[in-house]
Amino acid sequence: MPSVPPSRPAPRSGTPGVPDRAARVRFRRAISLMVMTLLVPGSAQMVAGNRRLGRLAMRTWLAVLVLAVGALVLSVVWHAFAFWAVSNPLLLGLLRLVLMALAVGWALLFVDAWRLGQPLTLLQNHRLAVVGVNGLLSFSVAGTLLFGAHLVGVQRDFIVTMFGDGEATSANDGRYNVLLLGGDAGAGRWGMRPDSLNVASIDAKTGRTVLVGLPRNMANFPFKEGTPMAEAFPEGFDCEGCYLNGVSTWAQDNPELFPDLDKGEDPGIAATVSAVEGITGLDVNYWAMVNLQGFKSLVDATGGVTLNVRDRIPVGLPHESYFHYIEPGVKKLDGEDTLWFARARHGSDDYSRMARQKCVMGAMLQQISPEQALVNFEKIAKAGTDMVSTNVPTSEVDRFLALALKARSEKISSVSLVPPLINTGAPDIDLVRRTVADAIAKAEGRDPEPAPTPEEKPEAALAAGPEQPEQETAPAPAAPPAPAPVTGGSVGSLSTGYAANQAEDLGSAC
């Protein structure tokens, strides 16, 4: 019987680790299709799949790219566009939906590119590699777009939650006046006595800001004419134990005096605004209430604030476990220490504390950069929502963002209606208003209004004849200037005044 020659074994072209040339070509083609989808979505379909789908994807990608580049260039050359874009709830909502749709669509294109690579024809190790690369690319791209959609959603919620939908007001004599109130109540809750009251008077063109500080213990002051509080107190807020920080509580106890308030408006806010307008002579455009406890979160979200600590500042009370001192020196403080720097009373008085608060406000404005805001965006948005309640309408947010950016390059002036200039128990309202007007005039580069002409000399003085000129004497040698006193952590004293309370450049006074 003839012998049968043994059959030759089949080639082991499919064995892992011994890929043939055709297998390598198929592998490179599969990888190329996914890389093409990463760089130009739809290009893989144009080469090897549904060309109609590919054209649609490429046109969509090109349109998005042109819009994104155009928006970026426009934002660089015209900052107002960027501020409008990040504060428009409708645009932000649309952008969020677009990003989510792009994430889903791009991920599906990666899946289709993997299918076009014919994974079942690949060697096992190549197949695993293609699956891994495809998963990495699709999840990276889709995840990035979905995270962007999340941030856009956070920004939209921040704008909608914090700002109102009221009517915008125009600048008064070229300035926006915003009443800033600080206290321990949470955003949206007003049942408290304000711990600090300041008016930020902002130049509508340059952003040059004057901080007008009002002491919480001011008494016997008038309200703006024509307001319910002016009708209730025609001679001023002169009741027993009535101070400026108690106006809101008094108004809330007598809500029937405010029948014309819109739904949701608070009598305490309206009354406090009328008091501030009556005292300063300024027309208040908007108000913002700051929850000082939530302020800590904002400082922490921005990475802290650098302050010049001129004296030991106690944090907490001696019996508390966290009690310690902030030691003198230029230091970056976290939210807790910054809050105590602004509010500590031990070894100080209300007016030195007001000076420290102005130093904190000035430092925050100068030190929070757009880059920091972008990096810590989500934390800042969360802290801001918890911290602030305001009646600034959404339509005005872009304007104030632009002014805040301009203000960073300008000096900040401060004027406080406190002793020794102002008697807070019986304030001279004419002097108060003249002081505020002079500070604003100096900030705008104008000469202050001349003071009233002093009264003529009595007849007895005239009868004495003309005053004799004093004999010239040699000037005494100049003595070296004495170091400025520091009281309660603020430069100055109660008798001479505190530098940060009356300064044309707040930064140099702090």
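This is a predicted model: local features need pLDDT of at least 70, side-chain atom pairs count only at pLDDT 80 or more; totals for chains, interfaces and linings use all residues.
In which handedness of crossing does H3 pass H5? The crossing is left-handed.

**How H3 and H5 pack**

- Two packed helices are described by the angle between their axes and the distance between the axes.
- Here, helix H3 covers residues 51-77 and helix H5 covers residues 89-116, and they pack at an angle of about 140 degrees.
- The axes of H3 and H5 lie 12 Å apart.

**Who makes the helix contact**

- On the H3 side, the contact is made by Leu53, Ala57, Thr60 and Val64.
- H5 answers with Leu102, Leu109 and Asp112.
- Sorted by class, the residues of this contact are 5 nonpolar, 1 polar and 1 charged.

**The cavity**

- Rolling a probe the size of a water molecule over the atoms shows where empty space is left.
- In this model the count comes to 1 cavity of 30 Å³ or more, and the largest cavity has a volume of about 100 Å³.
- Its lining includes Asp195, Ser196, Leu197 and Asn198, along with Leu214, Pro215, Arg216 and Asn217.
- Asp350, Arg353, Met354 and Gln357 also line the largest cavity.
- Strand S2 (196-203) and helix H12 (350-367) each supply at least two residues of that lining.
- H12 gives the largest share, with 4 residues.
- The lining of the largest cavity splits into 4 nonpolar, 4 polar and 4 charged residues.

Terms used
Residues are numbered from 1 along each chain as its sequence is written. Side-chain values use heavy atoms; hydrogens and water are left out. Axes are lines fitted to C-alpha atoms, for helices over the stretch in contact, and angles run from 0 to 180 degrees between N-to-C directions. A crossing is left-handed if the near helix is turned anticlockwise from the far one by less than a right angle, and right-handed if clockwise. Contact means heavy atoms within 4.5 Å. Ala, Val, Leu, Ile, Met, Phe, Trp, Tyr, Cys and Pro count as nonpolar, Asp, Glu, Lys and Arg as charged, and the others, Gly among them, as polar. On a 1 Å grid over the protein atoms alone, a cavity is a set of points where a 1.4 Å probe fits but cannot get out, and a pocket is an open set with protein on both sides within 12 Å along at least five of seven lines; lining residues have an atom within 4 Å of a point. Grid points are joined across faces, edges and corners, and a volume is the space filled by probe spheres set on the points.
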